[in-house]
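My notes on what I looked up are below, in the order I went through them.

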Amino acid sequence: MFRRPESRLAGLVAALVLALAGCAAAAGPATVAPAVAADGTHRIDLAFADGAVSGGPARYAVAVGSPVEVVVASDVADEVHLHGYDRSSFVTAGATTTLRFVADVPGVFEIELEQRGARLAQLEVS
Amino acid sequence: MLVAGPANSGVAPQCCTVLAHGIGTRSDLPVPVGLAAAAAAATLVISFAVLAVLWRSPRRRGTGRPLPAGLAAVLDAAPLRLGLQLLTLAAAVAVVTVGLAGPPDPARNLAPWAFYVTFWVGIVPASLLLGPVWRVLNPLRLLHRAVAAMLRIDPGAGVRELPEKIGYWPAAVSLAVFGWFELAFPARAQPVSVAVFLLAYAGVHLAAATVFGRRWFDRGDGFEVYSVLVGALAPLGRRAGDGRLVLRNPLDGLAAVPLAPGLVGVVVALLGATAYDGLSRTQLWNALVPPGLATGTGGLLLAFVLVGVVFGLGTFTVASTRPSAAGGAGGPVAFAPTLAPIAAGYAIAHYFSLLVFDGQQVGILASDPLGTGADLLGTAGRTIDYTVVGTTTIALVQLGGIVLGHLVAAASAHDQAYRLFPRRVALRTQYPMLAAMVTLTIGAVGLVFAA
C-alpha cells in the first residue's frame with residue numbers, strides 16, 4: 001500500500017495534519033473569563049508576591065467594548081502597565097492599585113510590572 | 001514590547017523592559033478556527049493540484065515584457081539612484097544619532113521602531129512590489145565607495161578575491177545574528193543597543209567590502225540578500241541579457257536567483273527567526289518557558305534546527321539525484337529560492353499588523369526625535385490609531401499571505417524540478433519537497449492559530 005509515492009505522500013501529510021491539529025487543540029492554557037460585576041465591569045484580580053504573579057501569568061478574555069478593572073496587589077513597589085492601551089499606575093509595597101478602562105481596541109495586550117519586567121497577565125480583547 | 005503612548009503622557013516612564021517576544025505594543029488575536037481550517041485545507045488542495053495539474057515538461061523561461069522606455073530610463077537614472085541612496089544614508093545616520101542622543105526610553109525614541117518595524121518589516125512589501133530595493137538603497141554601498149576612494153582601493157575588486165565557496169554564508173550568519181538580536185537579546189528595545197548594533201553591522205560589512213570588493217554586499221550583506229530573495233517574487237525584474245527592466249513572472253524571478261553555497265542557510269535563518277517570533281507568542285510557549293536570554297537563544301536555535309531538518313528531509317531525494325540539465329547546479333541549494341515565497345508569507349503573517357499599527361509610531365516620534373519638546377511634523381501628541389484595520393482583515397491577510405506563499409513556492413519547486421531533472425525523476429523529487437512545504441505552511445497556520 002505504501003509503495004506508490006502518492007500514497008506515501010498522502011499518508012505523511014495526513015499524519016502531519018493530525019499531529020498539528022492535536023497540537024493546536026492543546027494550544028495551551030485556555031483563556032480565563034474574568035468575573036463580571038453587577039454594573040457590567042469585568043474585574044481581573046492579580047496578586048504579585050515573591051517575584052511572580054500567583055497562579056502564573058494567565059490570559060484574560062473580554063469582549064470588545066467591555067469596561068474592565070484590573071486590580072493588582074503587590075508586595076513590592078513598582079508600576080503596573082497595560083501595553084497598547086498605555087494605562088499605568090504606581091503601586092506601593094503591600095498595597096493595591098487599579099486600572100480602569102474600556103477595552104475598545106481588539107488584540108492581545110501585556111500587563112506587566114514595568115521596572116521589574118515581570119509579566120502579570122495578558123488581556124485578550126476580541 | 002515597547003510602549004505606545006503620547007510622547008507627553010505625563011507619567012515618567014521607567015527604563016523600558018522587553019517581554020519575551022519581539023517589539024510591539026500588541027499581539028494579534030489567534031485566527032478563528034474556521035479560517036485556520038480553511039487555510040490548512042487550501043494548502044493541501046494546492047499541493048495535490050500542483051502535482052496533478054501543472055506542466056510536465058520544462059517550462060520555457062520567459063524574458064518578461066520590457067517597461068516603456070521612458071519609464072525604464074527614469075527608474076534607471078543614476079541621479080535618481082544616487083539621490084535615493086543619499087536619502088537612505090541620511091535616514092540611517094539620523095536613526096543612529098537619535099538612538100545614541102535621543103530619549104533613553106524606547107517609548108519616546110524612534111530608533112528601535114524605525115529599525116525593527118519600518119526597515120526590517122517594511123523591506124518585505126517594498127521588495128515584493130519593486131524588486132531588490134535594498135540593493136539600490138543600501139547606504140553601506142555608498143559608504144564603501146567613499147572608503148575605497150580614500151584608501152585608494154578599487155571598489156570593484158577590493159584587495160583579495162572572495163572565494164566562491166564562501167557563497168552566501170556571511171549573509172546567513174548576519175541574518176541569524178540579527179534574528180538573535182531582535183528576538184533574544186534582553187536589551188533589544190533600548191535605543192542605544194539599536195544604534196550600537198547598526199554601527200557594528202556597518203563596520204563589519206564595510207571592512208569586509210573594503211577587502212573583498214563590492215561583490216561582498218551581493219553575498220554577505222544579510223539585508224541585501226533578504227531583499228534579493230523576496231524581490232525575486234516582484235513583478236519588476238531585470239532581463240538577463242541586457243539588464244533591461246521588465247515585468248516578469250515571479251517563477252522566472254525565483255529561477256534567476258544566483259545559486260551559491262549558503263543560500264540554504266539564509267533561507268533557514270529567515271524562516272527560523274520568523275517562526276520563533278511566532279512561536280514565542282503562543283500561549284503554550286508563554287506558559288511553559290520563562291522569558292530570558294538563555295531560553296530565547298535556545299528557542300531560536302531550535303527553530304533554526306527544525307526548519308533546517310524539514311528542508312533537509314524535503315530535499316533528500318534531490319541530494320541523491322544527479323541533475324540532467326546542462327549546467328544544472330542541482331542539489332538542495334537549487335531549491336532554496338523556492339522557499340522564499342514561504343518566508344515572505346511568514347513575514348506577512350507575523351508582521352502585517354505590526355507594520356500597520358506600530359509603524360505609525362515612527363511618524364509620531366519623528367516629530368520630537370531628540371526629546372526636546374519639538375513638534376516638527378505636527379504629530380507629537382498623537383497616539384497609534386488601532387482602528388485603521390480590523391481583526392478580521394488581519395486574520396485574512398495573515399492566512400492569505402501564508403496560503404499564497406505556499407502556492408507560489410510549490411509551483412516554483414515544481415518548475416525547478418522539471419528544469420533540473422528528467423520527467424520521471426522530477427515527479428519523484430517533488431513528493432518530499434511538497435511534504436516539507438506543507439509542513440512549513442501548516443506550521444505557519446498553527447502558529448497564528450495558537451497565538
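**Chain A: around strand 10**

I began with a bridge: E112(A) has R119(A) as its bridge partner in strand 10 of chain A. A reminder to myself before going on: this is a predicted model.

I then looked up how the two strands sit together. Strand 9 (residues 107–113) of chain A pairs with strand 10 of chain A in the antiparallel sense, over seven bridges. The two form a hairpin with four residues between them. In the turn I found G117(A), with a positive phi of about 70°.

Next I checked for another partner. Strand 4 (residues 58–62) of chain A pairs with strand 10 of chain A in the parallel sense, over five bridges. In this pairing R59(A) stands opposite Q122(A).

Is strand 10 of chain A mostly covered or mostly open? I found that strand 10 (residues 118–125) is mostly covered, with seven of its eight residues buried.

I turned to chain B and noted an open sheet of three strands, in the order 1-3-2, with antiparallel pairing. The edge strands are strand 1 (65–66) and strand 2 (236–238), each of which pairs on one side only. Strand 1 is joined to strand 3 (residues 245–247) of chain B by two bridges, and I wrote down that R65(B) has L247(B) as its bridge partner.

I looked up A340(B) and placed it in helix 17 (residues 340–357) of chain B.

Leaving out residues up to four places away in sequence, A340(B) touches L229(B), V230(B), A232(B), L233(B), L254(B) and V267(B). I also noted V408(B), which is 68 residues from A340(B) along the chain, with 9.2 Å between their C-alpha atoms.

The largest nonpolar core has 144 residues, and A340(B) is among those that touch the most other members, as are V266(B), V267(B) and L271(B). Helix 20 (residues 423–449) of chain B gives the largest share of this core, 15 residues. Apart from it I found another core of five residues, including W216(B) and F217(B).

Last, I checked helix 13 (residues 263–279) of chain B. Its 17 residues reach 24 Å from first C-alpha to last, close to the 24 Å expected, and 17 of its 17 residues are buried.

Definitions and conventions: Residues numbered from 1 in each chain as written. Chains lettered and ligands numbered in written order. Predicted model: local features only at pLDDT ≥ 70, side-chain atom pairs only at ≥ 80, totals over all residues. Contact = placed C-beta atoms within 7 Å. Core = buried A, V, L, I, M, F, W, Y, C linked by C-beta atoms within 7 Å. Buried ≥ 20, exposed ≤ 12 C-beta atoms within 10 Å, placed from the backbone. Pairing = 2+ DSSP bridges. Expected span 1.5 Å × (residues − 1).
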